[in-house]
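Please read them with the structure open.

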Amino acid sequence: MKEGKATKVEQSLYQKFGKTMKLLSINPRHTGLHTHDIESLTKRYGMKVWESYLENNKPAAGRVFWVYAPNQNDITIIGLEPYPNTKKDSYKKITLSAVRGQ
């Protein structure tokens, strides 16, 4: 790999992230995003935390975690993580960024 050049994996992630951001900006409830709230993260962070898919049907598929902040119609990305396993307490491993102004 040459310095300053993205790998194929990084390029793929960039494309998926860009598509997800476009869909979120148009309609956070777009069916392709499979957006849903994560109750355990909502309780931990004291504000409703949403999860949207970057990809699906892959091991460790990418997920975007976000909140409506700082204003009601603003979306702030607070995490980009692989999908946690399906065990009951899987979201305990997820650590999200703080939202400034909250």
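1. Burial and overall size. Buried residues account for 32% of the 102 residues in the chain. Keep in mind that this is a predicted model. The C-alpha atoms fill a box of roughly 40 × 30 × 30 Å along the principal axes. Among contacts with a separation of 6 or more, 32% join residues 24 or more positions apart.

2. Fold. The chain has two helices and four strands. Along the sequence they follow the pattern α-β-α-β-β-β. The four strands form an open sheet in the order β1-β2-β3-β4, with antiparallel pairing. β1 and β4 are the edge strands, and each pairs on one side only.

3. Strand pairing. How many bridges hold each pair? β1 and β2 have two bridges, β2 and β3 have four, and β3 and β4 have seven. His36 stands opposite Glu51 in β2. Trp50 stands opposite Trp66 in β3. Arg63 stands opposite Glu81 in β4.

4. Strand β2. Look at which way its side chains point. Trp50 and Ser52 point one way from β2, while Glu51 and Tyr53 point the other way. All four of these residues are buried.

5. Thr35. This residue sits in the loop between α1 and β1. Is Thr35 buried or exposed? Thr35 has a relative accessible area of 13%, so it counts as buried. Its side chain makes a polar contact with the side chain of Ser52, at 2.7 Å. A polar atom of the Thr35 side chain also lies 2.7 Å from the backbone oxygen of Pro28. Beyond its neighbours within four places in sequence, Thr35 is in contact with Pro28, Arg29, Trp50, Glu51, Ser52 and Trp66. Two of these names return from the β2 point: Trp50 and Ser52 point one way from that strand.

6. Backbone points to check. His34 has a positive phi, near 55 degrees, and is not a glycine. His34 lies in the loop between α1 (8-26) and β1 (36-37). Its relative accessibility is 38%, so His34 counts as partly exposed. Asn57 also has a positive phi, of about 55 degrees, without being a glycine. Asn57 is in the loop between β2 (50-53) and β3. At 74% relative accessibility, Asn57 is exposed. The peptide bond from Ala69 to Pro70 is cis, with omega near 0 degrees. Pro70 belongs to the loop between β3 (62-68) and β4.

7. Salt bridges across the chain. Side chains of opposite charge can pair when their charged atoms come close. The whole structure has four salt bridges. One of them joins Asp37 and Lys48, with the closest N and O atoms 3.9 Å apart. This pair links distant parts of the chain: Asp37 is in strand β1 and Lys48 is in the loop between α2 (39-45) and β2, eleven residues apart. The cut-off for a salt bridge is 4 Å, so the 3.9 Å pair falls within it. Asp37 is partly exposed at 34% relative accessibility. Lys48 is partly exposed at 43%.

8. Lys43 pairs with Glu39, and their closest N and O atoms are 3.2 Å apart. Both residues lie in helix α2, four residues apart, which is about one turn of the helix. Lys43 is exposed, with a relative accessible area of 62%. Glu39 is exposed as well, at 53%.

9. A charged network. Glu55 and Lys58 meet in a salt bridge at 3.3 Å, N to O. Salt bridges that share partners join Lys16, Glu55 and Lys58 into one network.

10. Nonpolar surface. Tyr68, Ile75 and Ile77 make a nonpolar surface patch of about 210 Å². Ile75 is in strand β4 (residues 75-82). With a relative accessible area of 30%, Ile75 is partly exposed.

Key: Residues numbered from 1 in each chain as written. Predicted model: local features only at pLDDT ≥ 70, side-chain atom pairs only at ≥ 80, totals over all residues. Heavy atoms only, no water. Patch = residues over 30% accessible without salt bridge, like charges linked within 9 Å, V, L, I, M, F, W, Y side chains within 5 Å. Areas by Shrake-Rupley, 256 points an atom, 1.4 Å probe, with all protein chains shown as cover. Salt bridge = Lys/Arg side-chain N within 4 Å of Asp/Glu carboxyl O. Buried < 20%, exposed > 50% of the residue type's maximum accessible area, 1.4 Å probe, protein only. Polar contact = N/O pair within 3.5 Å; in protein donor to acceptor, adjacent residues only side chain to side chain. Contact = heavy atoms within 4.5 Å. Pairing = 2+ DSSP bridges.
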